[in-house]
Amino acid sequence: MHTLESLAEIYHRPLFDLLTSSRAVFVEHWPENEVQLCTLLSVKTGGCSEDCGYCAQSAHYQTGLRKEALMTVEDVLPVARRAKENGSTRFCMGAAWKGVRAGDGKFESMLETVREVGKLGMEVCVTLGQLGDEEARQLKDAGLTAYNHNIDTSPEHYPNIVSTHTFQNRLDTIASVQKAGLSVCCGGIIGMGESEDDRLKMLSVLCSFDPLPESVPINCLTPIPGTPLADVPPVDVFELVRLIATTRIALPGAKVRLSAGRDRLSREAQALCLFAGANSIFYGDRLLTASNPGVDDDKNLLNLLGLAPQPPRPTACFA
Ligand code: SAM
Ligand code: DTB
Ligand code: SF4
């Protein structure tokens, strides 16, 4: 079990010692030199009731984002098919909701979308906000692989970022996801004015999950004009690399996803993150609302580094 103290001991080692250790853990658990490509799609954009201080989609801030209604299964399927053709093995759909309720028409529509996308043979992940045991069970029955619900930062820093729900609400949703037998995708954002200890406290919460998270997205804040965090300066890249390396050592079997903020990282910085332990990226020129490197740049980078897109794994398919 990793505590703040044990994680801090790892995190603050001389950088090359840290990288030597994380690389050894990485190669032992993930020997294939592969990176999982995931495609994100915002299926319901903007107008969210929550006040998450980093988010372009909160109705509390004037971010200039155009709201879009929930996409139907017919809208989503062509995007999912293209994602598969382009080499993605995971398709993740995000909705700007506080949460979902069983029986609600919008939730029913999402279940239908999950059922159909699941037939394409990619891992299917959704991030729909808060849910309970029943909603999680229905998503599992529809063929969902994983549910993304980030804790985002330390329990102590969380109330500085969000006031409309609590850190405990996030944990309750994650418990329902685990209970349904779905994989948990849970990580956070760095660069929201937190300390390095806050990041390690976040990691120690992830390390306390049972089962451990299957996937850990590490996002660098994409500053959104109009939000309270619009002017927070970017995180030093070596802090990002240290966090990825420490995450790899603490959670050796997890997919560590180098998520938002890649378009502000140099190729060299991304290479260091992939060396330190990241083994997944979001692929395609848009995240949910923010920009991401273009697919040609990403293909080029993986080629230059001798990394291959992870092939579909039959066990991970629900077709
Ligand atoms: N409403 C759902 C929720 O809150 O879980 C799902 C959508 S939310 C956009 C998914 C995750 O995206 C957030 O938990 C956060 O980690 C990440 N995210 C959102 N805006 C971001 C930003 N500006 N920069 C970096 N990460 C961001
Ligand atoms: C996650 O941790 N990062 C992705 C995914 N989970 C859903 C979302 C990143 C969003 C970046 C900001 C935006 O596109 O609005
Ligand atoms: Fe954004 Fe999700 Fe928070 Fe809504 S709940 S404001 S979509 S992060």
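The side chain of glutamine 36 makes a polar contact with the side chain of glutamate 123 at 3.3 Å, a polar contact being a pair of N or O atoms within 3.5 Å where, within protein, one atom must be able to donate a hydrogen and the other to accept it, and residues adjacent in sequence count only if both atoms are side-chain atoms. The model is predicted: local features need pLDDT of at least 70, side-chain atom pairs count only at pLDDT 80 or more, and totals for chains, interfaces and linings use all residues. Residues are numbered from 1 along each chain as its sequence is written, ligands are numbered from 1 in the order in which they are written, and side-chain values use heavy atoms, with hydrogens and water left out.

**Glutamine 36**

- A second polar contact of 3.3 Å links the side chain of glutamine 36 to that of lysine 255.
- Glutamine 36 belongs to strand 1, residues 34-44, strands being DSSP runs of E with at least two residues.
- Glutamine 36 counts as buried because its relative accessibility is 0%, the limit being under 20% relative accessible area with a 1.4 Å probe and protein chains only.

**Ligand 1**

- Among the 17 residues around ligand 1, Tyr54, Asn150, Asp152, Arg170 and Thr222 come nearest; a residue is counted if one of its heavy atoms lies within 4 Å.
- By class, this shell holds 9 nonpolar, 6 polar and 2 charged residues.
- An oxygen atom of ligand 1 lies 2.8 Å from a side-chain N or O atom of asparagine 150.
- Nitrogen atoms of ligand 1 are involved at backbone N or O atoms of tryptophan 97, at 3.3 Å, and of threonine 222, at 3.0 Å.
- Taken alone, ligand 1 exposes 560 Å², of which the protein buries 89%, with areas from the Shrake-Rupley method and a 1.4 Å probe.

**Ligand 2**

- The residues around ligand 2 include Leu40, Thr127, Asn148 and Asn150.
- The shell of ligand 2 comprises 7 nonpolar, 5 polar and no charged residues.
- Oxygen atoms of ligand 2 lie 2.9 Å from a backbone N or O atom of leucine 288, 2.5 Å from a side-chain N or O atom of threonine 289 and 2.8 Å from a polar backbone atom of alanine 290.
- Ligand 2 taken alone exposes 410 Å², and the protein buries 88% of that.

Definitions and conventions. Nonpolar A, V, L, I, M, F, W, Y, C, P; charged D, E, K, R; others polar. Helix = DSSP H or I, 4+ residues; strand = E, 2+ residues; numbered from the N terminus. Buried < 20%, exposed > 50% of the residue type's maximum accessible area, 1.4 Å probe, protein only.
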